[in-house]
Amino acid sequence: MKQKRNYFALILAVFCCVAVMYVCSVIGAANIPFGDANRILLHELFHMDVDISDISRGSISIICNVRLPRVLMGFITGAALAICGAGYQGIFRNPMADPYVLGVSSGASLGASIGIVLHFSTGILGLNGTTLLAFAGSLGTIVLVYSISRIGKRVPVSTLLLSGIAVNLTLSALQSLIMLLNQQSMDVIMRWSMGSLNGKGWNQVVTVLPYVIVGICILLSSSRDLDIMLDWGGYGYAAGSQCGIPEEKNPFCFQYPHGSSNLSNRCHRFCRPGGAPCGAHFCRS
C-alpha cells in the first residue's frame, strides 16, 4: 500500500510539472494566440504534421527560442535544487537544513564575487570563469568545514552544523567587504546572487543538463545508505556503520525536499525522484 502511494505521488508530481511547463510555454508577455502556440509546439517539439504556414516566424521564434529554453532551464534548476535539498535534510535529519548550513552558498557567492570583480573570463567545459570560481568556492568551503568538524575518524553532525554556521557568517562578511570596496560591481554581484532565467537559451540548457544528470545519478545511488541512517534516527552514523556504511562517508553528497518526503514516507528511493518535479514545478511557478 505504501509503495502504491509512493508511485502515485511520483506520477502526480510529474503530471503537475508537465502541466506547468506547458502553461508557461503557451502563455507569456508576447500576444501569441493559444491555438497558434499549440500548433507551434506540436510541429516543432513533437514533429507532427501540423500546418504553421500562417504563423509568423517571430511567433515561432518566441516559442522555440525564448520560452521553451527558459521553461526547460527552470525545470532543470528546480529539479537540481530540490534533490540537493533532499541530501541536506536527510543527512542532518532536519527538515530545516539548507545550503547555508555548511556555508556552501556563501562560499559559492564569495567565489563568484571575486570572479566578477577581477573580470575572470577563462572558461572550461562550457562553464565561464565566474561559475568556475563559484564552484571552487563552494568546494573549498566543504573541505574547510569538514576539516574543522572532524574529530578523529568521526564527524559529529552537531559539530558539522556549528562549523558550517561559523564559516557561513565569515564568508558572508568577506563578500560584503568585497561589495563595499567595489561598489561599481555591486549590482552585478547582487543579480548573480539572486539568479535569473532572462537571456537563457538552448546553449545554456545543453551546458547545464549533463552536470545535473550526473549529480542526480550519484545522489540516487546513495539513497539506500541515507535511508538506513534516517530510519535509525538519533543513532545516526553509528547505526549506519553497523549496516555497512562507513562513518566518515562524505556527508555532503546527500540531498531532499520536505514536501516530497512526506508524500513518499521519507524513503529516498522515491523522495528524490519525486522531489525533482516538485522543485521544478515550484521554480517555474
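Ser113 is part of helix α4, which spans residues 104-118, where helices (H or I, at least four residues) and strands (E, at least two) are DSSP runs numbered from the N terminus. The model is a predicted one, in which local features need pLDDT of at least 70 and side-chain atom pairs count only at pLDDT 80 or more, whereas totals for chains, interfaces and linings use all residues. Residues are numbered from 1 along each chain as its sequence is written, and side-chain values use heavy atoms, with hydrogens and water left out.

With a relative accessible area of 1%, Ser113 is buried; buried means under 20% relative accessible area, exposed over 50%, and partly exposed in between, for a 1.4 Å probe and protein chains only. Leaving aside neighbours within four places in sequence, Ser113 is in contact with Gln175, Ile178 and Ile189, contact meaning heavy atoms within 4.5 Å. With Gln175 there is also a polar contact between the two side chains, at 3.2 Å; such a contact is a pair of N or O atoms within 3.5 Å, of which, within protein, one must be able to donate a hydrogen and the other to accept it, and residues adjacent in sequence count only if both atoms are side-chain atoms.

Turning to charged residues, a search of the whole structure finds two salt bridges, each a side-chain nitrogen of Lys or Arg within 4 Å of a carboxyl oxygen of Asp or Glu. Asp36 pairs with Arg39, their closest N and O atoms being 2.7 Å apart, and both residues lie in helix α2, three residues apart, or about one turn of the helix. Arg39, partly exposed at 23% relative accessibility, also forms a salt bridge with Asp54, where the closest N and O atoms are 3.1 Å apart. Because Arg39 lies in helix α2 and Asp54 in the loop between α2 and α3 (57-91), this pair ties together parts that are 15 residues apart in sequence. Asp54 itself is exposed, with a relative accessible area of 55%, and the salt bridges that share partners join Asp36, Arg39 and Asp54 into one network.

The cysteines remain to be considered. A disulfide is taken as a pair of cysteine sulfur atoms within 2.5 Å, and by this rule the count comes to zero. Cys24 is therefore in no disulfide, since the nearest cysteine sulfur, that of Cys17, is 9.7 Å away. Cys24 is buried, with a relative accessible area of 19%, whereas Cys16 is partly exposed, at 32%.
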